[in-house]
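Please examine the structure shown here. The discussion takes the form of questions on the terms applied to it, each answered from a value and a criterion.

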Protein chains: 2
Amino acid sequence: MQLFTEMTKEELCAQAAKARDIYDAYLRQGISINMARGRPAAPQLDLSDPLMNLTKADTGFKAEDGSDVRNYGGLCGIPEARRLFGEIFGVPADNVIVCGSSSLNLMYDYISQCCSHGALGSSPWSKTEAPKFVAVVPGYDRHFAIAEHFGLEMISVPMTPDGPDMDLLEEVVKDPSVKGMFCVPKYSNPDGITYSENTVRRLAAMQTGAADFRVIWDEAYVVHDLYEEGDELANVFEIAKEYGTEDRFVAFASTSKITFAGAGVAAIAASDANFSDIKARMTVQIISYDKLNQLRHCKLYPSLTEIRAQMKKHAAILRPKFEAVLNVLHAELDGCGIASFNSPRGGYFISLDVNVGSAKYVGELCKACGLTLTGVGATYPYGKDPADANIRIAPSCPSVEELDTAARILAAAVKLAACKELGADVG
Amino acid sequence: MQLFTEMTKEELCAQAAKARDIYDAYLRQGISINMARGRPAAPQLDLSDPLMNLTKADTGFKAEDGSDVRNYGGLCGIPEARRLFGEIFGVPADNVIVCGSSSLNLMYDYISQCCSHGALGSSPWSKTEAPKFVAVVPGYDRHFAIAEHFGLEMISVPMTPDGPDMDLLEEVVKDPSVKGMFCVPKYSNPDGITYSENTVRRLAAMQTGAADFRVIWDEAYVVHDLYEEGDELANVFEIAKEYGTEDRFVAFASTSKITFAGAGVAAIAASDANFSDIKARMTVQIISYDKLNQLRHCKLYPSLTEIRAQMKKHAAILRPKFEAVLNVLHAELDGCGIASFNSPRGGYFISLDVNVGSAKYVGELCKACGLTLTGVGATYPYGKDPADANIRIAPSCPSVEELDTAARILAAAVKLAACKELGADVG
């Protein structure tokens, strides 16, 4: 395919007409496809239906420490669940707290705690004049929403193929009013990038103006490989120990995309000091989390081995979906010079950047055609993408056939937007 | 029994010797009984084991609105769960949010929200110079812990047989820095008192200095009758509407003492305005709560009728336990003038006040004998009972035989403490 930017007006008009024909054909079909959110599809949820088979005969509803999981108690979670998440995080079970179903809620709670009470005895962040938070962009809208909710002004630092732009970040964090950042270090949302070991090392080593700087290390996709050979993420706690900055990192994960999105188990990994700080708050907040659900999970997935086997089944469902989208995007957009996109080896998203044209306009065209994307702009703080370029594609929920259709509509819309930008009549 | 205060020294010494004999006999037996917390006993938990029978064949894991409860979505809970809690609270389902397993967590979150963001657009409570909260005493230590955690200075208002001392409360709440209060309006913790309709009315009608005054209406024991004829609690939302103060009350309940203490379902009932305010925060906090557990509950307990039937089974287990304690206390302490206690018709506690002697000393004697009570003082803010009088008895967990023993040890300890106070040698 020829570069759109080097086409004559006539060539552009021909491209626009072709794209318009494809688009209009789908428009007449009355499509309805939703690629807005990273929701698992029903066949993925079905994989974990055996979770429901937990019986009293099998377990007496007792955890391995003999405690009755139906009753109050065990604030930090049952031992077997702490051990399982310890394996997932790569930390000792003693540094893990296993909680309810939502890791987002745990991150919200931790930020809330830092704002109201500070971290490890520091001054509450809410007492800081104009506290700030780094937003790695593009990023996860729900992270940004938490920072916004607590009045943490966001400073954007762009992603690179190795993780956040560390040269820029190292400058930004010198400001003592910059209190922390969210990271999705493996298969980042939406880029699907895994931070390099060098990036992890620089995050651990960097000099922060704020002594209570916190990295919310959201391991949302920590075991979520699409291919046999997955990306490797360096162990942030081990590296941080070399620099004495293990208190800088608090890690979160859940089984939302391992078992049931709405009824899984979430957990925290933290240094000894942060663990005590978080536990002290939780002692006030709750008597204990749902240990029965923890036990269900541990019976079916007692160790990382069973988790990895489960993730291969997810991959078998998800991989053809990602490939359905990528195949069309490659066929339709490669060489046009109007868009770029990643080919992630895990996670839940494909990130598409419109280099020529407007992402908002692409989103409008798709919507008018019955294709719902993640709200354009959502991958940037305050929902405002300054370049109006990024589009997040969530291929998990629709069928392969729907995704083929969706990708063709999207590619046509990207071409129409580019032709319009370059001055062609797009009809 | 003769009043201890009217006994001669010799009579007192004889009483002390008798109590000491009883106490020493148990001491030699090497008792270990825990009456510290309101934990359901295993036979109560067994009542809800059928919750675990939810199958895909029965439900397709679909809520009545067709949503897949295994997946994300449905922030406010599944419709049937909202309807069920609507019945329990006596409010429309539209005013109910059904959440995770812990109502304590929901109260914590709401107070946290008021402190960081205010209520319905008011100034954040944390911005108030020395914000205060009313503590109805004796009361629930976990409520007090939340207020203390958020720096809300507690002002004690004593309970009466009709609820909080309203004459005093009406004065206290005139101070605009007094931001709210916790109430357990039915079968209060620990007194087992149900607020009279007049008390509920005065709470709704009272003039508060703070426009954003909030009553945390903790309906922890709303259906937890011990007898066929239970106490009746007036509907606070209906009454508040008469005074235009429905935004003053936010109600909380859970199935922790209906189904599984550690794996139940909790909910909030709130006015339209508070509902919107809470939902807006939750939108940032979590994608959705565990709807699978909500569905389990609704299948087994679709309406208040099935809940009430379940509570009769709980009562059949709990009533003999309460009566075992009360029978001994009556037999041993009536007419002595050294202690008073309530005979609750529901809830989880018996509240014992030592009129002569020291509750702390009683607690120490019991502990030395292997009987663990709720930490003496815990029923007052900051763990300090100014009169050193109140002891909370939680009879749900031990067996009837253990409770008979526990009550005899307790009665002996109360007598020993009184004799000591009155100058007799207690050995």
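The questions and answers below concern a predicted model.

Q: What confidence values accompany chain A and the model?
A: Chain A has a mean pLDDT of 97, and 100% of its residues reach 70 or more. The model scores ipTM 0.96 and pTM 0.97.

Q: What makes the radius of gyration of chain A agree with that of a compact globule?
A: A compact globule with 427 residues would have a radius of gyration near 22 Å, and chain A has 23 Å, so the value agrees. The C-alpha trace of chain A spans about 75 × 55 × 35 Å along its principal axes. The secondary structure of this chain comprises 14 helices and 13 strands.

Q: Why is helix 13 of chain B called oblique to helix 14 of chain B?
A: The axes of helix 13 (residues 359–368) and helix 14 (residues 400–421) of chain B cross at roughly 135 degrees and come within 9 Å. Angles over 145 degrees count as roughly antiparallel and those from 65 to 115 as roughly perpendicular, while the rest beyond the parallel class are oblique. Helix 13 of chain B is therefore oblique to helix 14 of chain B. The crossing of these two helices is right-handed.

Q: Which residues make the contact between helix 13 and helix 14 of chain B, and how do they divide by class?
A: Helix 13 of chain B contributes B:Tyr361, B:Val362, B:Leu365 and B:Cys366, and helix 14 of chain B contributes B:Ile409, B:Leu410, B:Ala413, B:Val414, B:Leu416 and B:Ala417. By class, the contact has 10 nonpolar, no polar and no charged residues.

Q: Why are helix 12 and helix 14 of chain B described as roughly parallel?
A: Helix 12 (residues 304–333) of chain B packs against helix 14 of chain B at an angle of about 30 degrees, with the axes 8 Å apart. Angles under 35 degrees count as roughly parallel. The two helices are therefore roughly parallel to each other. Helix 12 of chain B passes helix 14 of chain B in a right-handed crossing.

Q: What residues form the contact between helix 12 and helix 14 of chain B?
A: From helix 12 of chain B come B:Pro320, B:Lys321, B:Ala324, B:Val325, B:Val328, B:Leu329, B:Glu332 and B:Leu333; from helix 14 of chain B come B:Val400, B:Leu403, B:Asp404, B:Ala407, B:Arg408, B:Ala411 and B:Val414. This contact has 11 nonpolar, no polar and 4 charged residues.

Q: What makes helix 8 of chain A oblique to helix 9 of chain A?
A: The axes of helix 8 (residues 197–205) and helix 9 (residues 236–243) of chain A come within 9 Å and cross at roughly 45 degrees. Angles under 35 degrees would count as roughly parallel, and 65 to 115 as roughly perpendicular. Helix 8 of chain A is therefore oblique to helix 9 of chain A. Their crossing is right-handed. In this contact, A:Val200, A:Arg201, A:Ala204 and A:Ala205 of helix 8 of chain A meet A:Val236, A:Ile239, A:Ala240 and A:Tyr243 of helix 9 of chain A. By class there are 7 nonpolar, no polar and 1 charged residues.

Q: How many residues does each chain give to the contact between chain A and chain B?
A: Chain B gives 42 residues and chain A gives 43. On the side of chain B, the elements that give two or more residues are helix 2 (42–46), helix 5 (103–117), helix 6 (141–149), helix 10 (272–285) and helix 11 (291–300). Helix 5 of chain B gives the most, with 6 residues. The side of chain B that touches chain A has 20 nonpolar, 15 polar and 7 charged residues.

Q: Where do the backbone values of B:Tyr187, B:Pro190 and A:Pro138 occur?
A: Most residues other than glycine have a negative phi, and most peptide bonds are trans. B:Tyr187 is not a glycine, yet has a positive phi of about 50 degrees. B:Tyr187 lies in the loop between strand 6 and helix 8 of chain B. B:Pro190 is placed in the loop between strand 6 (178–183) and helix 8 (197–205) of chain B, and the peptide bond from B:Asn189 to B:Pro190 is cis, with omega near 10 degrees. In chain A, the peptide bond from A:Val137 to A:Pro138 is cis, with omega near -5 degrees. A:Pro138 is in the loop between strand 3 (132–137) and helix 6 (141–149) of chain A.

Conventions: Residues are numbered from 1 along each chain as its sequence is written. Chains are lettered from A and ligands numbered from 1 in the order in which they are written. This is a predicted model: local features need pLDDT of at least 70, side-chain atom pairs count only at pLDDT 80 or more; totals for chains, interfaces and linings use all residues. Axes are lines fitted to C-alpha atoms, for helices over the stretch in contact, and angles run from 0 to 180 degrees between N-to-C directions. Helices (H or I, at least four residues) and strands (E, at least two) are DSSP runs, numbered from the N terminus. A crossing is left-handed if the near helix is turned anticlockwise from the far one by less than a right angle, and right-handed if clockwise. Two residues are in contact if their C-beta atoms, placed from the backbone, lie within 7 Å. Ala, Val, Leu, Ile, Met, Phe, Trp, Tyr, Cys and Pro count as nonpolar, Asp, Glu, Lys and Arg as charged, and the others, Gly among them, as polar. pLDDT is the predictor's confidence in each residue, from 0 to 100. The radius of gyration is taken over C-alpha atoms; the globule rule is 2.2 Å times the number of residues to the power 0.38.
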